Amino acid sequence: MNASEYPDSPTGKPLWLITLADLALLLVGFLVLLQATQHIGGKDLAKGIREGFGANDAEPAPMPVAAAGILDFAPGSAILPTTPGALVAWAREAARDPRVMFTVTGSTDGTPADIDRVTGSAAILAADRARAVAAALAAVAPARVAIVTATKPGRRAAIVSVAFVGEPLRTTP
């Protein structure tokens with residue numbers, strides 16, 4: 001068999017034309033998606049897309065951007081070891097942005113001496129330390145302070161973290 005006996009290959013469309021058609025169909029599909037979802041809010045649309053891909057519906061955790069705190073509490077005590085003036089000034093500067101929230105995390109060192117004397121609980125002492133620091137921050141942004149306790153022993157401290165939580169909810173007049 002020689003080359004003259006092979007059939008001629010049929011002429012096809014150029015490859016760039018097929019690519020162009022694919023891109024055009026993707027663009028049309030995107031425009032149809034935009035048109036179909038224009039009455040749905042952004043959060044509802046994102047929730048639907050997450051559900052479509054099988055993701056959980058939990059809100060994302062706030063993104064921490066800075067931290068400060070009061071360290072070296074006396075063992076078994078929730079009395080502030082230093083004046084919180086510098087911490088309050090730092091928090092006041094951070095609170096100028098309405099998109100942030102403060103989380104005060106109290107912790108204990110895990111030793112037998114670093115527990116609440118009345119209840120014998122390290123978790124209650126950690127919460128008392130966090131509440132003492134939160135009370136100092138109450139004048140700055142009382143509605144944007146959350147109190148938590150550390151799950152593992154660490155340092156005798158109360159750490160304040162500033163987290164980005166997004167745009168504040170707007171109320172219509």
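The backbone nitrogen of Asp 109 sits 2.9 Å from a polar atom of the Asp 114 side chain. That is a polar contact (a pair of N or O atoms within 3.5 Å; within protein, one must be able to donate a hydrogen and the other to accept it, and residues adjacent in sequence count only if both atoms are side-chain atoms).

The model is predicted: local features need pLDDT of at least 70, side-chain atom pairs count only at pLDDT 80 or more, and totals for chains, interfaces and linings use all residues. Residues are numbered from 1 along each chain as its sequence is written, and side-chain values use heavy atoms, with hydrogens and water left out.

Asp 114 belongs to the loop between strand 2 and helix 4. Helices (H or I, at least four residues) and strands (E, at least two) are DSSP runs, numbered from the N terminus. Asp 114 counts as buried because its relative accessibility is 0%. Buried means under 20% relative accessible area, exposed over 50%, and partly exposed in between (1.4 Å probe, protein chains only).

Which residues does Asp 114 contact, leaving aside its neighbours within four places in sequence? They are Ala 74, Pro 75, Gly 76, Thr 108, Asp 109, Ala 122, Leu 125, Arg 129 and Arg 156. Contact here means heavy atoms within 4.5 Å.

**Salt bridges**

The whole structure holds six salt bridges. The criterion is a side-chain nitrogen of Lys or Arg within 4 Å of a carboxyl oxygen of Asp or Glu.

Arg 156 is partly exposed, at 23% relative accessible area.

Arg 129 and Asp 114 also link distant parts of the chain. Arg 129 is in helix 4, Asp 114 is in the loop between strand 2 and helix 4, and 15 residues separate them. Both partners are buried.

Arg 96 is exposed, with 65% relative accessibility. Glu 93 is partly exposed, at 48%.

**Helix 4**

Helix 4 runs over residues 122–137 and has 16 residues. From first C-alpha to last, helix 4 reaches 23 Å, close to the 22 Å expected at 1.5 Å a residue. The expected span is 1.5 Å times one less than the number of residues.

At the start of helix 4, a side-chain oxygen of Ser 121 comes to within 3.3 Å of the backbone nitrogen of Ala 123. The buried residues of helix 4 are Leu 125, Ala 126, Arg 129, Ala 130, Val 133, Ala 134 and Leu 137. Their cover includes strand 1 (63–71), helix 3 (85–94), strand 2 (100–107), strand 3 (145–149) and strand 4 (157–164).

Ser 107 is in strand 2. With a relative accessible area of 9%, Ser 107 is buried. A polar atom of the Ser 107 side chain lies 2.5 Å from the backbone oxygen of Arg 155. Not counting residues up to four places away in sequence, Ser 107 touches Ala 126, Arg 129, Ala 150, Arg 155, Arg 156 and Ala 157.

Asp 116 is in the loop between strand 2 and helix 4. Is Asp 116 buried or exposed? Asp 116 counts as buried, at 14% relative accessibility. Beyond neighbours within four places in sequence, Asp 116 contacts Ser 121, Ile 124, Leu 125 and Asp 128. Asp 116 and Ser 161 are 45 residues apart in sequence, and their C-alpha atoms are 24 Å apart in space.

Asp 72 has a phi near 60 degrees, a positive value in a residue other than glycine. Asp 72 is in the loop between strand 1 and helix 3. Its relative accessible area of 47% makes Asp 72 partly exposed.

Leu 33 is in helix 1 (residues 15–36). At 46% relative accessibility, Leu 33 is partly exposed. Leu 27, Phe 30, Leu 31, Leu 33 and Leu 34 make a nonpolar surface patch of about 480 Å². Patches are made of residues with over 30% relative accessible area and no salt bridge; like charges are joined within 9 Å, and nonpolar side chains (Val, Leu, Ile, Met, Phe, Trp, Tyr) within 5 Å. Accessible areas come from the Shrake-Rupley method with a 1.4 Å probe; for residues, only the protein chains shown count as cover.
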